[in-house]
Amino acid sequence: MILENLKEAVKDPILSLSTACRADMNPNKVDLGIGVYRDDQGVTPIMEAIKIAEEKLLVQQSTKAYVGLAGNEAFNQSMIDLMLGDSSSKDRAVGIQTPGASGALRMLADVIKASTPDATVWLSDLSYANHAPIMKTAGLNVRYFPYFDPETKLVQTDAMMECLKGAGEKDVVLLHGCCHNPTGADLPFSGWQEVTEMAILQGFLPFIDIAYQGFGDGMEEDVQGFRYLAERVPSYVLTGSCSKHFGLYRERTGLAVVAATTLEQSNKIKTRILEAARSSYTMPPDHGAALVEMILNDAKLKENWLAEVETMRLRVTGLRHKLAARLREKSSSSHYDFIAQHKGMFSVLGITPEEEKILRDKYAIYLVGGGRINIAGIQESQIDYIAQSLLSL
């Protein structure tokens, strides 16, 4: 019978952690799993710029009618401006609003599949947990290139480039624009230069995922490598998210961008993305995009927002340095110094599955399989407990 043959799905490795943590009665429990920013009270706050924009929107908005397949076009352009800056490729870049960055990943994957059915998407090893499932569900082949060095906890740039010499005209190379998820280890600028030259010579399509702009070295600094590439390669695709730097997690506000060789071709591809959207979710939710568009086009609101993002960035960077320092102090070892070198919300600790289980079962510290911890979820009062628990393994 229809439906009766279905088995229970495998639990999501990240989302299921929060459920387990909430059910844990240990008063010292620490949720370092799901990737959300929390303040020192453990709350994911609504940003002040968002609150002000919501108040204005409540007064100004006159209808809840459909916005359109592409969503808020002013939002689309404002986000393109934020990510691309003065890059020359902006003149041929077009975008559509999507339900979160995951929606953008899927729409672009569907269009790649329509263009080149036997295309292969190359992902970093390690990569964001949802990258491979999205690409595979769209019917694309997936391969991995070396990225995270388990010894140094940094990028294996030489091994990465050597592997990518095998990528050609039917290949897509997916790169994290900044603040690599899950490792926190970012490709150096020289690596972006090398990938750029390879894309030009070998003909593969760069696919850039930017979810954490502003959380690494700064709003402009975080995208310098990507902008270098964007100005030089013949074409690329790009996804953007407003979950982190606007705090709009539940509003599912994302963007899919394509920059082909000409604006005319980009617009043709845009119609195919809209076609894919129509057969999937039809139109994206409006609320988050309306707020972002308002903030990015109001000088005072944008100034306030940038200051808030910088405050969050500095807090996360501070937590990194404090945790690394506490581990060094307690162990008289530099083993965990890499935590201070990483960028953005996450780091991979390089511990074993058995050690992860001990942290969860004995110390009620919840982290994603593979040893990913959400630095941005730590409260300062928890640093000693986390450090002591790690060093007990």
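The second largest cavity of this predicted model has a volume of about 30 Å³. Its lining is formed by Tyr37, Thr44, Pro45, Met47, Lys244, Gly247, Tyr249 and Met312. Sorted by class, these lining residues comprise 5 nonpolar, 2 polar and 1 charged. In total, 2 cavities of 30 Å³ or more are present in the structure. The largest cavity holds about 40 Å³ of space. Around the largest cavity lie Leu32, Leu349, Leu359, Ile365, Leu367, Ile373, Ile386 and Leu390. The lining of the largest cavity is made up of 8 nonpolar residues, with no polar and no charged residues. Empty space of this kind is found by rolling a probe the size of a water molecule over the atoms.

Lys244, one of the residues lining the second largest cavity, is placed in the loop between S7 and S8. Strand S7 covers residues 236-241 and strand S8 covers residues 253-259. The relative accessibility of Lys244 is 13%, so Lys244 counts as buried, the cut-off being under 20%. Leaving aside residues up to four places away in sequence, Lys244 touches Gly35, Ala211, Tyr212, Phe215, Tyr249, Met312 and Met345. Tyr249 and Met312, which are among these contacts, also line the second largest cavity. Between Lys244 and Val111 the separation is 133 residues in sequence and 26 Å in space, taken from C-alpha to C-alpha.

The volume of the largest pocket is about 680 Å³. This pocket is lined by 28 residues, of which Ser102, Tyr128, Asn130, Lys244 and Arg252 are the closest to its centre. Helix H4, made of residues 100-115, gives the most to the lining of the largest pocket, with 3 residues. By class, the lining of the largest pocket consists of 16 nonpolar, 7 polar and 5 charged residues.

The second largest pocket contains about 560 Å³ of space. Its lining has 28 residues, and those closest to the centre are Ser115, Thr116, Leu205, Ser235 and Ile269. At least two lining residues each come from H4, strand S5 (171-176), strand S6 (205-210), strand S7 (236-241), strand S8 (253-259) and helix H9 (263-278). H4 gives the most to this lining as well, with 5 residues. The lining of the second largest pocket divides into 18 nonpolar, 6 polar and 4 charged residues.

A contact between two helices was also examined. The axes of helix H2 (residues 48-60) and helix H11 (residues 299-331) come within 8 Å and cross at roughly 150°. H2 is therefore roughly antiparallel to H11, a term applied to angles over 145 degrees. On the H2 side, the contact is made by Glu48, Ala49, Ile52, Ala53 and Lys56, and on the H11 side by Leu301, Asn304, Trp305 and Glu308. The residues of this contact include 5 nonpolar, 1 polar and 3 charged.

The loop that runs between H2 and helix H3 (73-84) contains Asn72. Asn72 has a relative accessible area of 13% and is therefore buried. With residues up to four places away in sequence not counted, Asn72 touches Val67, Gln97, Asp286, Ala289, Ala290 and Glu293.

Notes. Residues are numbered from 1 along each chain as its sequence is written. This is a predicted model: local features need pLDDT of at least 70, side-chain atom pairs count only at pLDDT 80 or more; totals for chains, interfaces and linings use all residues. Side-chain values use heavy atoms; hydrogens and water are left out. Axes are lines fitted to C-alpha atoms, for helices over the stretch in contact, and angles run from 0 to 180 degrees between N-to-C directions. Helices (H or I, at least four residues) and strands (E, at least two) are DSSP runs, numbered from the N terminus. Angles under 35 degrees count as roughly parallel, over 145 as roughly antiparallel, 65 to 115 as roughly perpendicular and the rest as oblique. Contact means heavy atoms within 4.5 Å. Ala, Val, Leu, Ile, Met, Phe, Trp, Tyr, Cys and Pro count as nonpolar, Asp, Glu, Lys and Arg as charged, and the others, Gly among them, as polar. On a 1 Å grid over the protein atoms alone, a cavity is a set of points where a 1.4 Å probe fits but cannot get out, and a pocket is an open set with protein on both sides within 12 Å along at least five of seven lines; lining residues have an atom within 4 Å of a point. Grid points are joined across faces, edges and corners, and a volume is the space filled by probe spheres set on the points. Buried means under 20% relative accessible area, exposed over 50%, partly exposed in between (1.4 Å probe, protein chains only).
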